[in-house]
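Hi there,

Here is the structure I promised to pass on to you. Please have it open while you read the notes below.

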Amino acid sequence: MYTSDFVSIYEQYGWNDFALQIGEALYSYLSQSKASIHHHLDLCSGTGVLCHFFYTKGCVTKGVDLSLAMIELAKSKYKEIDFVCSDVLDYHDDQHYDLITCTCDSLNHFTNQDDLKRLLKRVSSLLNETGYFVFDVILKETVQFDLPLFSVRSEDTLVKYLIHDLGHSLIQLNIQVFFNEKLIFENQLVERIYSLEEIKMNLEQNGFQIELMDDKIGKEEQRVNNKMFFIVRKKI
């Protein structure tokens, strides 16, 4: 999914729009909460749109992504922002962050059973004591198997999602992009889905408390309604 072929259509067919919607909604929420956000880290940062959004709000921001094609595009667009090609599960630096994000169901891309625990431990080590971690995830309770889900990106563009159950909490996600009713891109990937109880248990075990849990932040529109947003902080 993160090859140069996918990167070439990522911005053209609407994925960046969703990142901007998340940014606007999250910034509004944090502003209302009187949060002080100076340093931001975006895990699985893609083409860097969310990083750039927080940069325009005066934050020092950094993006980390495993896809070299994504990172190269982000660097070409936003030369003032630091982007690192790395596995986020192993990423470390000396900075502690006020806000760490991992959005667009990126958490589901980690397919090993222990990856959620590894990610939360990594985030905890990078987060300030009063900082926020924001992520969204496809949940077992909301996923719909073998039922086409459509996201209208424009008058000409339609994205079709189809999720197939592979068992053992793994799913196969098929993505098709249509332009003027013609199929122009198709890809499949394997993801892991979690139950709400699994998310809550792992947050608890890794010292996080939930501040917000909802199917959206603010009034942004999801591509498909099968995800849950979490805003969490370290336990005081």
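This is a predicted model: local features need pLDDT of at least 70, side-chain atom pairs count only at pLDDT 80 or more; totals for chains, interfaces and linings use all residues.

Residues are numbered from 1 along each chain as its sequence is written, and side-chain values use heavy atoms, with hydrogens and water left out.

**Overall shape**

The chain holds 6 helices and 11 strands; these are DSSP runs numbered from the N terminus, with helices (H or I) of at least four residues and strands (E) of at least two. Its C-alpha atoms fill a box of roughly 50 × 40 × 30 Å along the principal axes. Of the 236 residues, 51% count as buried, where buried means under 20% relative accessible area, exposed over 50% and partly exposed in between, with a 1.4 Å probe and protein chains only.

**The sheet of 7 strands**

This open sheet has the order E3-E2-E1-E4-E5-E11-E10, with mixed pairing; two strands pair if DSSP finds at least two bridges between them. Strand E3 (82-85) and strand E10 (208-214) are at the edges with a single partner strand each, so one side of each has no neighbour in the sheet. From one strand to the next, the twist averages 20° (axes are lines fitted to C-alpha atoms, for helices over the stretch in contact, and angles run from 0 to 180 degrees between N-to-C directions). E10 pairs with strand E11 (residues 227-234) in the antiparallel sense over 6 bridges, and Gln209 stands opposite Arg233 in E11.

Helices pack here too. Helix H3 (residues 49-56) touches strand E1 (39-43), strand E2 (60-65), E3 and strand E4 (97-102), and its direction makes about 170° with that of E1; contact means heavy atoms within 4.5 Å. Helix H6 (residues 196-205) lies across E5, E10 and E11, at about 150° to E10.

**The sheet of 4 strands**

The other open sheet runs E6-E7-E8-E9 with antiparallel pairing. Its edges are strand E6 (149-152) and strand E9 (182-192); each has a single partner strand, so one side of each is left without a neighbour in the sheet. Strand E7 (residues 157-167) and strand E8 (residues 170-179) are joined by 10 bridges, with Asp165 opposite Ile171 in E8.

**A loop residue**

Gln144 sits in the loop between strand E5 (127-138) and E6, and is partly exposed at 40% relative accessible area. Leaving out residues up to four places away in sequence, Gln144 touches Leu149 and Ile163.

**Cysteines**

How many disulfides are there? The count comes to 0, a disulfide being a pair of cysteine sulfur atoms within 2.5 Å. For Cys59, the closest cysteine sulfur is in Cys51 at 10 Å, too far for a bond; Cys59 is buried at 6% relative accessibility. For Cys104, the closest cysteine sulfur is in Cys102 at 9.3 Å, again too far for a bond, and Cys104 is buried at 14%.

Best wishes
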